[in-house]
Amino acid sequence: MRRLWWGLQAAVFLMCSLPLSFLPVKAGESLGLILYHLWKGRRETATDNLKKSVVLHAISLPHSPEEIIREHFKNLGRFFIEILKIYYGRGRRILRETAIRGLENFEHAKAKG
């Protein structure tokens, strides 16, 4: 029964996510903004945490916490579309334009086991 449930979940995920992989990455910003407006609790938590962090560390921000969190949600939407494109093999350009830095650190850690 558990395998059937997992299979059903996977099918629903594929049916919902595959069409999104055809969207341009920029469209992810709109998805992020929709999430920003719908997920009020998470938005407020993120904004409150940023405000507390600013006070705790006595730093100044170039923009208001609300603006920063709004941009963060937009970035999450872009990232989501990028991940879907890569997952479905449609992200060649994304991978081509990605620079990997610090690979030697990974190789060193891997060699140490």
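At roughly what angle do the axes of helix α1 and α4 cross, and within what distance do they come? I would like to start there, and the answer is that the axes of α1, residues 2-20, and α4 come within 9 Å and cross at roughly 105 degrees, where axes are lines fitted to C-alpha atoms, for helices over the stretch in contact, and angles run from 0 to 180 degrees between N-to-C directions. That makes α1 roughly perpendicular to α4, given that angles under 35 degrees count as roughly parallel, over 145 as roughly antiparallel, 65 to 115 as roughly perpendicular and the rest as oblique. The contact, meaning heavy atoms within 4.5 Å, is made by Phe 13, Leu 14, Ser 17 and Leu 20 of α1 together with Phe 80, Ile 81, Leu 84 and Tyr 87 of α4.

Before going on, a word on the model. It is a predicted model, in which local features need pLDDT of at least 70 and side-chain atom pairs count only at pLDDT 80 or more, while totals for chains, interfaces and linings use all residues. Residues are numbered from 1 along each chain as its sequence is written, and side-chain values use heavy atoms, with hydrogens and water left out.

Now the chain as a whole. Its secondary structure comes to six helices and zero strands, helices (H or I, at least four residues) and strands (E, at least two) being DSSP runs numbered from the N terminus. The radius of gyration is 19 Å, well over the 13 Å that the globule rule gives for 113 residues, so the chain is more spread out than a compact globule; that radius is taken over C-alpha atoms, and the rule is 2.2 Å times the number of residues to the power 0.38. Of the 113 residues, 19% count as buried, which is to say under 20% relative accessible area, with exposed over 50% and partly exposed in between (1.4 Å probe, protein chains only). Among contacts between residues at least 6 apart in sequence, 70% join residues at least 24 apart.

Let me return to α4, residues 65-87, and its packing with α3, residues 40-57, at an angle of about 130 degrees with the axes 9 Å apart. The two helices are therefore oblique to each other. On the α3 side the contact includes Arg 42, Arg 43 and Leu 50, and on the α4 side Glu 66, Ile 69 and Phe 73 are among the residues involved. By class, this contact has six nonpolar, one polar and four charged residues. In the loop between α3 and α4 sits Ala 58, whose phi is near 50 degrees, a positive value in a residue other than glycine. Ala 58 is exposed, with a relative accessible area of 69%.

Technical notes. Ala, Val, Leu, Ile, Met, Phe, Trp, Tyr, Cys and Pro count as nonpolar, Asp, Glu, Lys and Arg as charged, and the others, Gly among them, as polar.
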